[in-house]
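Please examine the following structure with attention to its aromatic contacts and its sheet. A set of questions and answers is requested.

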Amino acid sequence: MSVLDQIIEGVREDLAVRQSAHPLAEVEAAARAASPARPVQLTGEMLGVIAEVKRRSPSKGDLATIPDPASLAAAYETGGAAAISVLTEQRRFSGSLADLDAVRASVAAPLLRKDFMVEPYQFFEARAHGADLVLLIVAALDDAQLADFLSLGEELGMTALVETHTEQEVERAVAVGAEVIGVNNRNLKTLEVDLAQFGRLASLIPDTCTKVAESGIFTVDDARRVRDEGADAILVGEALVTHGDPMTAVTGFSSLRTS
């Protein structure tokens with residue numbers, strides 16, 4: 001069983017507990033009653049930065065305690081983040097929907113619920129808790145799920161960041177009509193990172209799509225590299241939570257021009 005399979009197994013177990021406590025009808029009603037999702041703008045003259053609230057990772061363990069995710073998110077927003085990603089997976093990333101709530105209450109920036117989305121229930125959860133974007137991991141979904149989830153996200157007004165890692169996954173994302181396509185430089189099945197992966201796959205993504213480079217971006221030089229390879233935006237977590245001055249770190253990335 002791959003690391004991704006193990007994570008999803010845990011996600012499903014934790015999801016079952018939440019479903020038992022809060023039936024789908026209740027969560028769906030909350031989602032549909034929520035304020036409309038915020039528009040997401042990741043492209044422009046400057047490199048878009050999706051700044052991540054991330055306490056730990058399966059590959060490196062604890063990264064930062066983050067006792068106040070709302071303050072961290074506010075620093076990201078002040079630093080120029082185009083969007084803020086909040087980990088909600090609890091077993092491997094020590095995230096929670098409570099973190100998403102806290103961040104939503106503190107910032108106006110669009111929020112990405114960063115999790116392993118495997119059931120429609122999670123999309124209603126995301127919207128009910130104020131998410132404007134959701135992550136769809138192509139490696140974790142079949143084509144029917146990918147299409148259905150893309151449609152459900154759109155119905156709820158949310159933008160889907162469709163994450164890929166291989167040529168075939170990019171082809172699947174394009175075929176299903178994804179408009180925001182990420183290339184994760186991390187192989188979720190082995191957790192190995194190769195920053196060159198974005199450059200290998202970027203040309204396969206149509207220029208009509210927003211291209212997002214994910215993982216392995218630690219320095220402004222790393223960000224400049226993927227920008228030059230075609231990235232409109234980057235998703236950065238570890239480099240920010242371990243920096244010491246997250247606002248300044250975000251500013252360093254977001255000050256890069258795309259043209």
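This is a predicted model: local features need pLDDT of at least 70, side-chain atom pairs count only at pLDDT 80 or more; totals for chains, interfaces and linings use all residues.

Residues are numbered from 1 along each chain as its sequence is written, and side-chain values use heavy atoms, with hydrogens and water left out.

Q: What is the order of the strands in the closed barrel?
A: Strands (E, at least two residues) and helices (H or I, at least four) are DSSP runs numbered from the N terminus. Two strands pair if DSSP finds at least two bridges between them. The eight strands of the closed barrel pair in parallel, in the order E1-E4-E5-E6-E7-E8-E9-E10.

Q: Which residue in E10 is the bridge partner of Glu214?
A: Strand E9 (residues 210–214) and strand E10 (residues 233–236) run parallel and are joined by three bridges. In E10, Glu214 has as its bridge partner Leu235.

Q: What angle does the direction of helix H3 make with that of E1?
A: Helix H3 (residues 69–79) packs on the sheet and touches strands E1 (48–53) and E4, contact meaning heavy atoms within 4.5 Å. Axes are lines fitted to C-alpha atoms, for helices over the stretch in contact, and angles run from 0 to 180 degrees between N-to-C directions. The direction of H3 makes with that of E1 an angle of about 170 degrees.

Q: How far apart in sequence are the parts that Phe93 and Phe116 tie together?
A: Rings of Phe, Tyr and Trp (its six-membered ring) pair if their centres lie within 6.5 Å; planes under 30 degrees apart count as stacked, over 60 as edge-to-face and the rest as tilted. Phe93 and Phe116 form a tilted pair, at 6.0 Å centre to centre and 35 degrees between the planes. Phe93 lies in the loop between strand E4 and helix H4 and Phe116 in the loop between strand E5 and helix H5, so the parts tied together are apart in sequence by 23 residues.

Q: What is the relative accessibility of Phe123?
A: Phe123 forms a tilted aromatic pair with Phe149, at 4.8 Å centre to centre and 45 degrees between the planes. Buried means under 20% relative accessible area, exposed over 50% and partly exposed in between (1.4 Å probe, protein chains only). Phe149 is buried at 5%, and Phe123 also counts as buried, with a relative accessibility of 0%.
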